[in-house]
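Okay, thanks for making time, everyone. Let me put the model up, and then I'll walk you through how the pieces pack.

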Amino acid sequence: QVLSLPIVVIVHGNQDNNAKATVLWDNAFSDIERVPFVVAERVPWEKMCDTLNLKFMAEVQTTKGLLKEHYFFLAQKIFNDHSASPEDFQNRHVSWAQFNKEILPGRGFTFWQWFDGVLDLTKRCLRSYWSDRLIMGFISKQYVCKLLSMEPEGTFLLRFSDSEIGGVTIAYVIRGKDGSSQVENIQPFSAKDLSIRSLGDRIRDLGQLRNLYPNTPKDQAFGSHYNKEQTGKD
């Protein structure tokens, strides 16, 4: 006999997401010398951060992992707490229910379902952009408004959609004639959208986008990701 890594048997593809969550939790947080199927119900948030980071880097196949500000956003999301500081989250414990049982407020999916969607999108369509640190990704819409509101018109950044599974959106600044600023969010792009036209080419197409936050001209930031345009017949 040999001791295997955790496995889950499923009978349909729609169970794949929950199966991956079960394997991840069991593999990361159970003791090797344990009663079969006995797994911790709650784990320290810091251990969860390490696990999510390792999972992200392994799935996406990148050397660029999650940053402190990413963990802060993820903590706010999983604990549904936007008043705590990063230090407040360090000593908290996250439960299996918070990870993959409870539906996120105002959404139709769990934290893991959302995170797994981000993993899949980044792995399939955004690996090079993430590895070049062109995607801020894990950041709230409210914090984006705070970052961009004082920036020149056309400053933009990329973040993973809060409202859709597996979507990336572009937030950018518009300035009115009176000098007031407004932050617009473009409808999120899915993996299907980006397989039709790449993210780099979509950014090149959008004339209202000028500088990647904080102040890198978009052609300088994304130029290596542009595809050569076909000439002749469309």
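Let's start with helix α7, residues 141-148, which lies across β3, β4 and β5 and runs at about 165° to β3. Lying across means contact, that is, heavy atoms within 4.5 Å. Angles here run from 0 to 180 degrees between N-to-C directions, and axes are lines fitted to C-alpha atoms, for helices over the stretch in contact. Helices (H or I, at least four residues) and strands (E, at least two) are DSSP runs, numbered from the N terminus.

Quick housekeeping before I go on. This is a predicted model, where local features need pLDDT of at least 70 and side-chain atom pairs count only at pLDDT 80 or more, while totals for chains, interfaces and linings use all residues. Residues are numbered from 1 along each chain as its sequence is written, and side-chain values use heavy atoms, with hydrogens and water left out.

Helix α6, residues 111-131, lies across β3 (155-160) and β4, and runs at about 135° to β3.

So what's the strand order in that open sheet? It goes β5-β4-β3-β6-β7, five strands with mixed pairing; two strands pair if DSSP finds at least two bridges between them. The edges are β5 and β7 (216-217), each with a single partner strand, so one side of each has no neighbour in the sheet.

Zoom in on β4 (residues 168-175) and β5 (residues 181-185): they run antiparallel, joined by five bridges. Y172 has E184 in β5 as its bridge partner. The two strands make a hairpin with five residues between them, and G179 in the turn has a positive phi of about 90°.

Most residues other than glycine have a negative phi, and most peptide bonds are trans. Now look at Q61, in the loop between α2 and α3 (68-79): its phi is near 60°, a positive value in a residue other than glycine. And the peptide bond from Y213 to P214 is cis, with omega near 5°. P214 lies in the loop between β6 (211-212) and β7.

On to helix pairs. α3 and α6 pack at an angle of about 155°, with axes 12 Å apart. That makes α3 roughly antiparallel to α6; under 35 degrees counts as roughly parallel, over 145 as roughly antiparallel, 65 to 115 as roughly perpendicular, and the rest as oblique. Which residues make the contact? On α3 they are H70, F73, L74, K77 and I78, and on α6 they are F111, W114, F115 and W130.

The other pair is α1 (residues 16-29) and α2 (residues 45-60), whose axes come within 11 Å and cross at roughly 120°. These two are therefore oblique to each other. Here the contact is made by L24, W25, A28 and F29 of α1 with K47, M48, T51 and K55 of α2.

Last bit, annotation. UniProt, in an unreviewed entry, places "domain: SH2" at residues 114-224; positions are in the numbering used here, feature names are shortened, and annotations may be inferred rather than shown by experiment. The end C-alpha atoms of residues 114-224 lie 29 Å apart, and the span is 40% helix and 21% strand.
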